Amino acid sequence: MIRLNENYLKLQSSYLFSDIDKRVAAFKREHPDREIIKLGIGDVTRALPKACIEAFHKAVDEMASDATFRGYGPEQGYDFLREKVAEYDFRRRGAEVDADEVFISDGAKCDTGNFQELFADDITIAVPDPVYPVYVDTNVMAGRTGNFSNGRYQGFVYLDCTRENGFVPGVPDAHVDCIYLCYPNNPTGAVATKAQLRQWVDYARQEKALILFDAAYAAFVCDESLPQSIYEIEGAREVAVEFRSYSKTAGFTGTRCAYTVVPKNCLAYDSGGAAYPLHRFWNRRHTTKFNGVSYPVQRAAEAIYLGDGPRQLREITDYYMANAAMIRGRMTKLGYVCTGGSNAPYLWIDAKTDSWNFFDLLLQKAGVVCTPGAGFGKCGEGYVRISAFNNPTRVSLALDRITKVLGG
Ligand code: MLT
């Protein structure tokens with residue numbers, strides 16, 4: 001008899017964004033003539049930057065000739081990309097990262113979901129609430145939690161993100177072994193200061209804990225005083241792994257390319273207390289289960305660091321951030337309190353009502369899709385997330401429709 005991993009039975013019915021897709025599909029079936037504007041899932045709408053497309057084409061042409069063809073690449077990624085990442089994303093910002101600490105992958109979703117495989121079953125995990133559901137669900141699948149009860153899985157330490165703490169929770173009073181942090185935050189758009197991250201790094205060092213730091217939205221930080229990487233904090237290399245993605249910054253949601261940084265002096269411990277570098281084990285896992293991102297995609301990613309690439313990238317992030325400012329301005333004018341949207345492409349809006357009711361109201365009456373905050377956790381109830389990833393004309397049209405529905 002083939003037996004199920006019964007931890008899957010603990011999961012909520014479906015992944016949040018699949019759930020939303022189903023509701024939107026049902027609405028479309030009932031109202032085939034209504035045009036929907038999606039400000040829900042953070043999927044980009046702009047084409048790849050010209051620099052990426054040119055590099056992509058060139059690399060595809062290389063695959064067309066025996067002399068320049070590439071078969072399996074290094075599972076960890078080509079050096080040409082790993083070196084650019086270390087230099088431009090980290091060292092130039094004063095963060096020490098070596099090229100061989102960078103693992104190129106096909107997505108931060110996969111990496112943040114897979115990294116927990118390296119840890120024991122009985123570790124204590126802290127997750128923010130609201131939270132990107134992947135951190136939670138993958139640990140549920142791995143059996144690190146009890147059942148779902150009263151909006152939460154037993155066994156996690158939840159870090160409440162509330163208006164009172166500016167949606168940036170402080171360190172817990174008790175010990176935890178592993179902490180998931182995401183800044184700029186998905187879903188709230190809040191960004192931690194250096195002082196706030198320093199508290200976490202100090203805590204992790206003291207507790208011999210590990211921080212899994214999701215910085216997928218780092219490129220949207222406009223305020224230079226805010227950290228983009230946890231490695232801008234002294235001592236972070238020993239206690240933090242960082243995840244980045246080209247999805248939102250360079251339009252790679254469909255193209256797929258991301259990376260994870262595992263510093264060589266970042267440690268985990270066996271049951272006897274002996275320390276091991278996590279780098280060795282992530283390398284082992286990655287080379288066993290992953291065969292690398294395709295050569296043309298890695299060349300396309302490399303192009304964002306070269307020549308006109310950085311300017312083209314900035315133009316794309318500015319484009320989405322202008323949408324964020326528009327959403328923030330119009331929703332504030334309508335009397336809604338908004339967080340995020342200034343160093344992050346998401347706005348977290350106090351819906352003044354139940355999250356799913358607000359979601360349904362916008363869908364049914366305005367034909368606009370947002371994401372109900374409750375889908376990100378108990379503390380998300382009463383909020384909705386609006387994404388800035390769409391074109392300005394459609395964002396403006398969505399806001400006109402929202403104003404008609406909510407403006408009274
Ligand atoms: C989101 O909307 O939260 C993201 O697009 C999901 C993801 O990046 O996987």
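Mentor: Let us begin with the ligand, one oxygen atom of which is 2.7 Å from a polar backbone atom of glycine 42; please keep in mind throughout that this is a predicted model.

Trainee: OK, and what does the side chain of asparagine 186 do there, how far is its polar atom from a ligand oxygen?

Mentor: A polar atom in the side chain of asparagine 186 lies 2.8 Å from an oxygen atom of the ligand, and for arginine 385 an N or O atom of the side chain is 2.7 Å from a ligand oxygen.

Trainee: Which residues are around the ligand?

Mentor: Around the ligand are Phe17, Ile41, Gly42, Lys109, Tyr132, Asn186, Tyr217, Lys248, Tyr346 and Arg385.

Trainee: Switching to helices: at what angle do helix 10 and helix 12 pack?

Mentor: Helix 10, residues 309-333, packs against helix 12, residues 392-406, at an angle of about 10°, and their axes are 10 Å apart. The two helices are therefore roughly parallel to each other.

Trainee: And what classes of residue make up that contact?

Mentor: The contact of helix 10 with helix 12 has 9 nonpolar, 3 polar and 2 charged residues.

Trainee: What about helix 3 and helix 9, how far apart are their axes?

Mentor: The axes of helix 3 (residues 79-90) and helix 9 (residues 295-302) are 9 Å apart, with a packing angle of about 30°, which makes helix 3 roughly parallel to helix 9.

Trainee: Is their crossing left-handed or right-handed, then?

Mentor: The crossing of helix 3 and helix 9 is left-handed, and the contact is made by Phe80, Leu81 and Lys84 of helix 3 together with Tyr295, Gln298, Arg299, Ala301 and Glu302 of helix 9.

Terms used:
Residues are numbered from 1 along each chain as its sequence is written. This is a predicted model: local features need pLDDT of at least 70, side-chain atom pairs count only at pLDDT 80 or more; totals for chains, interfaces and linings use all residues. Side-chain values use heavy atoms; hydrogens and water are left out. Axes are lines fitted to C-alpha atoms, for helices over the stretch in contact, and angles run from 0 to 180 degrees between N-to-C directions. Helices (H or I, at least four residues) and strands (E, at least two) are DSSP runs, numbered from the N terminus. Angles under 35 degrees count as roughly parallel, over 145 as roughly antiparallel, 65 to 115 as roughly perpendicular and the rest as oblique. A crossing is left-handed if the near helix is turned anticlockwise from the far one by less than a right angle, and right-handed if clockwise. Contact means heavy atoms within 4.5 Å. A residue is near a molecule or strand if one of its heavy atoms lies within 4 Å of it. A polar contact is a pair of N or O atoms within 3.5 Å; within protein, one must be able to donate a hydrogen and the other to accept it, and residues adjacent in sequence count only if both atoms are side-chain atoms. Ala, Val, Leu, Ile, Met, Phe, Trp, Tyr, Cys and Pro count as nonpolar, Asp, Glu, Lys and Arg as charged, and the others, Gly among them, as polar.
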